[in-house]
Amino acid sequence: MTDLTRRLMVLAGGGSLLALVTGWWKLPGGETAQAAEGNFAVRHTDAEWRKLLNGNQYAVLRHQGTETPFTSPLNHEKRAGVFACAGCDQAAFSSRTKFESGTGWPSFWQPLEGAVGETQDRSMLMTRTEVHCGRCGGHLGHVFNDGPQPTGLRYCMNGVAMTFRPGDGTDGA
């Protein structure tokens, strides 16, 4: 193999990787993935979800999309309160567990008790742990093992999938 052939192969491989990495956070156009399956307390038909949610919320909550990093106002929310599912208003995270992860998405080191569920996500050529609302099954984001103590977890959530209610930071807002 010539040096030029090697360089071209590296460039082609790097270009493919770059295309994958730079496009991975875009909201999907032809969604195929669905929100978590299960017997959730809040259920709607697909048509009802489309009416209840705006386009970005629908893409993320119901079809596992991901918002562009650094675009959510909730990433900068510093007040005391709770972050709730935009699909069903279930309180999911307390402001007391929010931290700045530098990733571009609102991050927390722990959800409120019983508020979320987790499933394995094998998309994007990797295995990750998806976090969904425990009440409606809507996709909220993913959890990673690189967060701060006391849990060591980073719940990296899509701001568009949540709302914020000012309060004392408990599940009662």
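**The protein as a whole**

Author: The protein exposes about 9,400 Å², of which carbon and sulfur atoms supply 55%. The model under discussion is a predicted one.

Reader: How many helices and strands does the protein have?

Author: Read along the sequence, the pattern is α-α-α-β-β-β-β-β-β-β-β-β. Counted by type, the protein has 3 helices and 9 strands.

Reader: What percentage of the residues is buried?

Author: A residue counts as buried when its relative accessible area is under 20%. In this protein of 173 residues, the buried share is 45%.

**Helix 3**

Reader: How many residues of helix 3 are buried, and against which elements do they pack?

Author: Helix 3 spans residues 55-63 and is mostly covered, with 7 of its 9 residues buried. Among the buried ones are Tyr58, Val60 and Leu61. The buried residues of helix 3 pack against helix 2 (46-52), strand 1 (81-85) and strand 7 (139-144).

Reader: Which residue caps the N-terminal end of helix 3?

Author: A side-chain oxygen of the capping residue lies 3.0 Å from the backbone nitrogen of Asn56. Just after helix 3, Gln64 takes a positive phi of about 55°. The residue that caps the N-terminal end is Asn54.

Reader: Which strands are the edge strands of the open sheet?

Author: The open sheet is formed by 6 strands in the order 3-4-8-7-6-5, with antiparallel pairing. An edge strand pairs on one side only, and this holds for strand 3 (98-99) and strand 5 (116-121).

Reader: Is strand 7 enclosed or open to the outside, and how many of its residues are buried?

Author: Strand 7 pairs in the antiparallel sense with strand 6 over 4 bridges, and with strand 8 likewise over 4 bridges. Strand 7 is largely enclosed by the rest of the structure, because its buried residues number 5 of 6.

Reader: Which residue in the turn between strand 6 and strand 7 has a positive phi?

Author: Strand 6 and strand 7 form a hairpin, with 5 residues between them. The residue in the turn with a positive phi, of about 80°, is Gly137.

Reader: Which residue of strand 8 is the bridge partner of Gly141?

Author: Gly141 belongs to strand 7, where it is the bridge partner of Val131. Val131 itself has its place in strand 6 (residues 128-133). On the strand 8 side, the bridge partner of Gly141 is Met157.

Reader: Is Val131 buried or exposed?

Author: Beyond its neighbours up to four places away in sequence, Val131 touches residues including Val116, Leu140, Tyr155 and Met157. Its relative accessibility is 0%, and therefore Val131 counts as buried.

Reader: Which residues touch the most other members of the largest nonpolar core?

Author: In soluble globular proteins, nonpolar side chains tend to be buried together. The largest nonpolar core here has 30 residues. Elements that give two or more residues to this core include helix 3, strand 1 and strand 9 (162-166). The members with the most contacts to other members are Phe93, Leu140, Met157 and Met162.

**Loops with particular backbone angles**

Reader: Where is Pro150, and what is the form of the peptide bond from Gln149 to Pro150?

Author: Pro150 has its place in the loop between strand 7 and strand 8.

Reader: Is Phe70 buried or exposed?

Author: Phe70 lies in the loop between helix 3 and strand 1. Phi of Phe70 is near 65°, a positive value in a residue other than glycine. Because its relative accessible area is 53% and the cut-off for this class is over 50%, Phe70 is exposed.

Reader: What is the relative accessible area of Asp89?

Author: Asp89 lies in the loop between strand 1 and strand 2 (91-94). Although not a glycine, Asp89 has a positive phi of about 70°. Asp89 is partly exposed, and its relative accessible area is 42%.

How values were computed. Residues are numbered from 1 along each chain as its sequence is written. Side-chain values use heavy atoms; hydrogens and water are left out. Buried means under 20% relative accessible area, exposed over 50%, partly exposed in between (1.4 Å probe, protein chains only). Contact means heavy atoms within 4.5 Å. A polar contact is a pair of N or O atoms within 3.5 Å; within protein, one must be able to donate a hydrogen and the other to accept it, and residues adjacent in sequence count only if both atoms are side-chain atoms. Two strands pair if DSSP finds at least two bridges between them. A nonpolar core is a set of buried Ala, Val, Leu, Ile, Met, Phe, Trp, Tyr and Cys residues joined through side-chain atoms within 4.5 Å. Accessible areas come from the Shrake-Rupley method with a 1.4 Å probe; for residues, only the protein chains shown count as cover.
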